[in-house]
Amino acid sequence: MKRTIQSVAVLGSGIMGSRIACHFANAGFKVLLLDIAPKDLSEEEKNAGLSLDHPKVRNRIVNASLQVALKSNPSPIYHKSFAKRIQTGNFTDNLKDIASSDWIIEVIIENLEIKKSLFAQVDQLRKPGTLITSNTSGIPIHLMTEGRSDDFKKHFCGTHFFNPPRYLPLLEIIPGPETDGAVLDFLQHFGDRYLGKTTVLCKDTPAFIANRIGVFGIMSLFHAMKQIGLSISEIDKLTGTVIGRPKSATFRTSDVVGLDTLVHVANDAWKNLPDDEQREQFKLPDFIEKMVANKWLGDKTKQGFYKKTKKEGGKSEILELDLNTFEYKSSAKSKFQTLEAAKPLDRLEERLPVLLNGKDKAGDFYRQMFFSLFSYVSFRIPEIADDLYKIDDAMCAGFGWEQGPFETWDCLGVINIADIMQKNGYHIAPWVGEMIANGNTTFYKTEKGIRSYYSSIDKKYKPVPGNENFIILKNSDSSKIVWKNSGCYIHDIGDGILNLEFRTKMNTIGSEVLQGMNTAVELAEKDFRGLVIGNEGANFSAGANLALIFMLAVEQEYDELDYAIRAFQNTNMRLRYSSVPVVVAPHGLTLGGGCEMSLHADKVCAAAETYIGLVEFGVGLIPGGGGTKELTVRFADSLKEGDIETNAFRDYFLTIGQAKVSTSAYEAFDLHILRKGHDEITLNKKRLIADAKRCALEMADAGYVKPIMRNDIRVLGREGLGIVQVGANAMQAANYISEYDAHISRKLGYIMCGGNLSAPTQVSEQYLLNLEREAFLSLLGEKKTLERIQAILTTGKPLRN
């Protein structure tokens with residue numbers, strides 16, 4: 001049958017249920033969120049004279065849960081208006097309304113009997129063919145459908161979202177014994193395409209895939225840390241970004257998630273995995289049991305492995321728990337030679353061998369951690385997954401790892417590591433030894449742009465499924481790299497489209513990137529149909545190379561600075577006025593120059609999780625790469641007959657003047673950085689470059705025509721300058737901005753108003769670019785701007801001077 005999803009019912013509005021509802025709303029679906037009706041009145045309701053039958057009372061629990069979610073930080077929703085897509089109700093009055101839903105997802109308490117009771121009611125009310133799934137994190141799927149109809153069983157499975165659903169892309173799909181294969185195929189495609197998820201098909205085993213491996217890894221560290229003699233903060237220093245894991249590392253992550261959640265998974269694993277060769281690792285250490293007894297569960301109880309306190313004078317300090325004394329103390333500064341050796345290496349693939357070969361305590365720790373992990377995952381094939389790539393996908397998408405365990409093993413050398421492990425008493429699964437014996441020395445290989453994994457069942461390499469839908473630059477065949485320099489690669493991504501990929505640190509924009517941009521446009525105009533600018537870094541671009549700008553300004557190399565700013569302006573204008581379509585594909589942090597680049601694209605195809613803005617004001621500057629000009633153009637183009645120009649001007653001015661950064665791509669429409677009805681948003685970051693390529697092809701196929709340079713931009717002149725002056729003075733008088741902020745505001749206003757013109761006038765883009773460049777250079781000559789830049793470079797924090 002052809003299946004479409006238009007409306008979704010979420011049963012249960014707790015932490016997960018309310019946030020899952022928000023994410024379905026993010027994706028554009030109508031959502032019905034239900035929970036129990038209260039049995040008693042609150043004091044507030046009693047004082048208001050309400051009864052248990054009053055609608056406000058009956059939906060109090062679900063409404064309160066949704067409001068808590070919507071007010072949480074980070075937000076579970078892309079744009080506050082999307083909350084209107086969620087309708088609330090209660091099980092008693094509104095469960096019947098699930099009859100109109102296309103997908104019903106259960107997210108209530110982890111109690112099998114309560115779930116089965118709810119499913120019995122759902123079975124009577126749902127229309128045949130409706131999807132029905134459970135978000136359980138560990139209850140066996142096959143136990144939930146006892147006594148249910150054949151149609152229910154056919155359309156039932158587990159869909160395990162990870163918290164928070166907006167930010168963690170993993171969606172584990174767990175079939176029951178009678179789940180229709182077509183349902184599983186649909187959910188895998190739907191999760192990927194419409195929810196932005198990495199969908200992983202799991203087996204119905206305890207904790208499924210990600211929690212099984214992830215909690216094993218954490219519990220192993222708990223058992224090992226005293227043996228190796230490392231503190232909580234030292235473990236977190238060793239297990240964060242340096243090994244490609246989240247910044248919150250091990251113990252900070254536990255505090256955020258909640259120690260009780262971790263303990264629940266570990267206890268279930270201990271109880272339900274009698275044959276696991278590493279079962280003892282799931283047994284709670286004494287210090288964990290003591291923390292649970294003390295209710296030191298992490299952020300939810302205000303203390304866990306860490307505790308935030310205030311010192312004399314009111315300054316906050318984060319203390320760590322001393323597991324020997326069970327008292328909180330200040331973290332001691334620690335230094336490891338192994339970390340120092342790895343610090344200069346930007347790429348994880350370069351750092352990992354250095355870390356594993358360390359001769360100090362850190363090296364000992366890494367060997368024990370990785371060898372234990374490699375041994376464990378090798379024995380989980382085929383118990384929890386038939387295919388090793390599913391374990392890697394689950395760990396990257398669910399726990400935020402940069403590389404999965406098999407990818408990491410590949411990086412370190414499969415044969416060498418297996419040999420060292422066995423010499424040190426670590427066991428590896430027989431299939432790994434057989435793979436090596438047959439001359440297969442890696443778990444993955446890439447040939448002609450196709451990534452394959454070793455199948456322990458078929459004993460050969462097979463293409464990773466689903467990758468055909470993505471363009472993955474790191475898998476690009478060398479023959480498809482048409483040009484490169486120290487900071488950029490230009491790839492032929494097929495069908496006449498080029499892709500420019502940045503490879504600088506934080507993808508900052510310097511001379512090598514500008515060279516790459518100009519070369520990419522030149523090559524595309526000569527032999528191709530279009531250009532995409534996109535990359536696979538953690539962030540699209542942190543903006544211009546601020547350290548280089550600071551150095552040139554301190555040394556008063558103003559001619560060189562003028563040349564550099566002209567070059568960036570001209571390069572962005574080259575993108576705008578090329579003879580082929582240019583699509584920019586931002587994701588993550590897209591700040592300053594990265595934002596300006598996006599503003600000059602023919603089209604932007606942004607990942608939903610794009611945090612984009614013109615942030616130069618924070619370091620005492622204005623956007624100098626065409627960003628100020630472009631916001632001025634967009635303001636002029638937005639005006640309609642009868643509009644009050646000054647009101648609209650303020651909105652565009654403050655996007656720059658308050659250094660606003662969107663918390664999602666959808667918010668970027670409000671900032672006038674993305675254009676409604678023109679630019680696109682992709683929920684699944686893995687699809688971003690493929691979607692951007694599609695956009696470029698569509699424009700090329702439609703007969704793309706090179707735009708004509710603008711000389712009809714209406715600016716306000718002195719009328720606008722007066723508004724800027726009054727506004728800056730008022731903000732300074734109220735102490736909202738400093739005297740220097742007011743000074744920069746006047747510089748910004750001077751550009752956006754077109755200078756000291758006696759009346760509103762039409763000007764050219766080049767005229768505005770000249771004003772922009774002059775203001776940028778003049779600010780770089782001021783001491784307070786240099787102080788602000790230095791503060792950002794040395795402390796990472798803005799200075800208000």
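The structure is a predicted model, in which local features require pLDDT of at least 70 and side-chain atom pairs count only at pLDDT 80 or more, whereas totals for chains, interfaces and linings use all residues. Residues are numbered from 1 along each chain as its sequence is written, and side-chain values use heavy atoms, with hydrogens and water left out.

Helix 10 itself comprises 19 residues (210–228) and spans 26 Å from its first C-alpha to its last, close to the 27 Å expected at 1.5 Å a residue; the expected span is 1.5 Å times one less than the number of residues. Helices (H or I, at least four residues) and strands (E, at least two) are DSSP runs, numbered from the N terminus. At Phe-222, helix 10 bends by about 25°, the bend being the angle between axes fitted to the seven residues ending at a position and the seven starting there.

When neighbours within four places in sequence are left aside, Tyr-366 is in contact (heavy atoms within 4.5 Å) with Leu-238, Val-242, Ile-243, Thr-338, Leu-339, Leu-355, Leu-356 and Phe-371.

Across the whole structure, a search finds 49 salt bridges, each defined as a side-chain nitrogen of Lys or Arg within 4 Å of a carboxyl oxygen of Asp or Glu. In one of these, Glu-178 pairs with Lys-153, the closest N and O atoms being 3.9 Å apart. Because Glu-178 lies in the loop between strand 7 (170–175) and helix 9 (181–195), while Lys-153 belongs to helix 8 (residues 150–154), this pair ties together parts that are 25 residues apart in sequence. Glu-178 is partly exposed at 45% relative accessibility, whereas Lys-153, at 18%, counts as buried.

In another salt bridge, the closest N and O atoms of Arg-380 and Glu-277 are 2.9 Å apart. This pair links distant parts of the chain, 103 residues apart, with Arg-380 in the loop between helix 17 (361–379) and helix 18 (388–399) and Glu-277 in the loop between helix 13 (259–272) and helix 14 (286–293). Arg-380 is buried, with a relative accessible area of 3%, while Glu-277 is partly exposed at 39%.

The side chains of Asp-741 and Arg-800 likewise meet in a salt bridge (3.9 Å, N to O). Here Asp-741 in helix 31 (residues 739–752) is linked to Arg-800 in the segment after helix 33 (783–795), 59 residues apart; Asp-741 is buried at 9% relative accessibility, and Arg-800 is partly exposed at 47%. Salt bridges that share partners also join Arg-212, Asp-276, Glu-277, Arg-380 and Glu-383 into one network.

How values were computed: Buried < 20%, exposed > 50% of the residue type's maximum accessible area, 1.4 Å probe, protein only.
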